[in-house]
Amino acid sequence: MVKGGKGPKGKKITLSVAKNCIKVTFDGRRRLDLSKMGITTFPKCILRLNDVDELDLSRNMIRKIPDSISRFQNLRWLDLHSNYIDKLPESIGQMTTLLYLNVSNNRLTTSGLPVELNQLKNIRTVNLGLNHLESVPTTLGALKELHEVGLHDNLLNTIPNSISKLPKLKKLNTKRNPFPKGEGPDVFVDSIKRLENLYLVEAKDLCASCLKKCQQARDKLNRIKTVPMMTPRKPIFSSFVSPNSMAKESQEDWRIRSTSP
């Protein structure tokens, strides 16, 4: 901590510097990449570049996101991970074009998540992992287009049914939360896997032929599930060394390698 109790003085971002940080992605999107630049305050000058499609402010030391961020009305992709943010602005609900939001590895608590998040009707990926969430706002259950939700490494002891039952949800990461015994992440993951096997119509709405096909498919699936697992065969090339594909899952690997303010 520097003299006077203030945080470290960050790099000043000018409009000229910001313009030089605009990159074009492989799919033709304009991304303003200001990641890993030692920024401590949201650079107001970038509001003049509010026509970009993507904004990356990750791996900095930003504490507050201003309401003015809603001026980015074309933004599809917002990455704020690995900062010191403890609250998101209510105006984020006005950014209805957002498809991707990453605010992992910050200092967010449940009270720091505004109810206006439920206005992001088009969003598909939300990463809230590595924060200090005590509970999950049920308002997230209103985001029917969500495909992926990250809630890992928080202080959660339960997941609302409205989240685990989102119609298009494919991935829900709830690892390393203090769930009661028997209610760990596997329970929620299993509930999502079962969604792929549900028939989204009632039997009375099907013709006799279609109903019969559905019943046959269900019976076949049940038979497969009851077949005992066979003992895996030894690999033919046993002398080969198999690479370890599981990366070490450590919260510290996500943290910024710098001195905390």
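Cys-21 counts as buried, with a relative accessibility of 13% (buried means under 20% relative accessible area, exposed over 50%, partly exposed in between, with a 1.4 Å probe and protein chains only). The model is predicted, so local features need pLDDT of at least 70 and side-chain atom pairs count only at pLDDT 80 or more, while totals for chains, interfaces and linings use all residues. Residues are numbered from 1 along each chain as its sequence is written, and side-chain values use heavy atoms, with hydrogens and water left out.

The closest cysteine sulfur to that of Cys-21 belongs to Cys-45 and lies 9.9 Å away, too far for a bond. A disulfide is a pair of cysteine sulfur atoms within 2.5 Å, and by this rule the count is zero.

Strands are DSSP runs (E, at least two residues), numbered from the N terminus, and two strands pair if DSSP finds at least two bridges between them. Eight strands form an open sheet in the order 1-2-3-4-5-6-7-8, with mixed pairing. Strand 1 and strand 8 (171-173) stand at the edges with a single partner strand each, so one side of each has no neighbour in the sheet.

Some of the pairings are listed here.

| Strands | Bridges | Direction |
|---|---|---|
| strand 1 (residues 22-24) and strand 2 (residues 30-33) | three bridges | antiparallel |
| strand 2 and strand 3 (residues 54-56) | three bridges | parallel |
| strand 7 (residues 148-150) and strand 8 | three bridges | parallel |

Strand 1 and strand 2 form a hairpin with five residues between them, and Gly-28 in the turn has a positive phi of about 85°. Ile-22 has Leu-32 in strand 2 as its bridge partner. Arg-31 is bridged to Glu-54 in strand 3, and Val-149 to Leu-172 in strand 8.

How values were computed. Helix = DSSP H or I, 4+ residues; strand = E, 2+ residues; numbered from the N terminus.
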